[in-house]
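Take a first look at the fold. Then follow the side chains, one group at a time.

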Amino acid sequence: MLQRIELRDIKVYGYHGCLAEEERIGGNYVVDLWVDADVSPAFETDKLTDTIDYVVLNKIVKEEMAIRSKLIEQVANRIMVRVKASDSRIERAGVCVRKIAPPIKGDVAEVAFRLEG
């Protein structure tokens, strides 16, 4: 049986986008991440080594968000690849990268890209 670990609303500042001002000025992003893995041994042992360390997952998100990309799709994919490679117990994962107040015409609170697999 798989269990799910979720990290919600990871707030980061990044420099992603196709416009020159996005590269120069940057903007606010929010990332959600989840992983499915069998961490049931932790129920009995109460040991961090028997689960997925969410500190490691958060570090991956922060490191990948610090690497500039034009597209949030690329950032989300990099996060997914690293997360899945971080622990062999992870069977499925999902990431959603949200760009807050994107520089587009109109009143748009955010744009988001979600990737699962």
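How far is the sulfur of Cys-96 from the closest cysteine sulfur? The distance is 18 Å, and the partner is Cys-18, so the two are too far apart for a bond. A disulfide is a pair of cysteine sulfur atoms within 2.5 Å. A search of the whole structure finds zero of them.

Before going on, note what kind of model this is. It is predicted: local features need pLDDT of at least 70, side-chain atom pairs count only at pLDDT 80 or more, and totals for chains, interfaces and linings use all residues. Residues are numbered from 1 along each chain as its sequence is written, and side-chain values use heavy atoms, with hydrogens and water left out.

Return to the cysteines and ask where they sit. Cys-96 has 2% relative accessibility, so it is buried. Cys-18 has 56%, so it counts as exposed.

Now turn to the aromatic rings. A pair of aromatic rings is described by the distance of the centres and the angle of the planes. Rings of Phe, Tyr and Trp (its six-membered ring) pair if their centres lie within 6.5 Å. Planes under 30 degrees apart count as stacked, over 60 as edge-to-face, and the rest as tilted. The whole structure holds one aromatic pair. Its rings belong to Tyr-13 and Tyr-15, with centres 5.6 Å apart and planes at 75°, so the pair is edge-to-face.

Are these two tyrosines buried or exposed, or in between? Tyr-13 is partly exposed, at 42% relative accessibility. Tyr-15 is partly exposed as well, at 36%. Tyr-13 lies in strand S1, which covers residues 3-14. Helices (H or I, at least four residues) and strands (E, at least two) are DSSP runs, numbered from the N terminus.

Together with Ile-25 they form a nonpolar patch on the surface, with about 300 Å² of accessible area. Patches are made of residues with over 30% relative accessible area and no salt bridge; like charges are joined within 9 Å, and nonpolar side chains (Val, Leu, Ile, Met, Phe, Trp, Tyr) within 5 Å. Accessible areas come from the Shrake-Rupley method with a 1.4 Å probe, and for residues only the protein chains shown count as cover.

The charged end of Arg-4 sits over the ring of Trp-34, 3.7 Å from its centre. The rule asks for NZ of Lys or CZ of Arg within 6 Å of the ring centre and within 35 degrees of the ring normal.

Next come charges that meet charges. Side chains of opposite charge can pair when their charged atoms come close. A salt bridge is a side-chain nitrogen of Lys or Arg within 4 Å of a carboxyl oxygen of Asp or Glu. The search finds 13 of them.

Start with Arg-78 and Glu-64. Their closest N and O atoms are 2.7 Å apart. This pair links distant parts of the chain: Arg-78 is in helix H4 (residues 72-86), Glu-64 is in helix H3 (residues 54-65), and they are 14 residues apart. Arg-78 is buried, at 19% relative accessible area. Glu-64 is buried too, at 7%.

Move on to the strands. Arg-92 forms a salt bridge with Glu-116, at 3.9 Å between the closest N and O atoms. Arg-92 is in strand S3 (residues 90-100) and Glu-116 in strand S4 (residues 110-116), 24 residues apart. Arg-92 is partly exposed at 37%, and Glu-116 is partly exposed at 45%.

Arg-98 and Glu-110 also meet in a salt bridge, 3.8 Å from N to O. Arg-98 lies in strand S3 and Glu-110 in strand S4, so the pair ties together parts that are 12 residues apart in sequence. Here Arg-98 is buried at 15%, whereas Glu-110 is partly exposed at 34%. Elsewhere, salt bridges that share partners join Lys-59, Glu-63, Glu-64, Arg-78 and Arg-82 into one network.

Finish with the backbone. Most residues other than glycine have a negative phi, and most peptide bonds are trans. Asp-9 is not a glycine, yet its phi is positive, about 55°. Asp-9 lies in strand S1 and is partly exposed, at 40%. Asp-46 also has a positive phi, about 60°. Asp-46 lies in the loop between helix H2 (41-45) and H3, and it counts as exposed at 72%.

How values were computed. Buried < 20%, exposed > 50% of the residue type's maximum accessible area, 1.4 Å probe, protein only.
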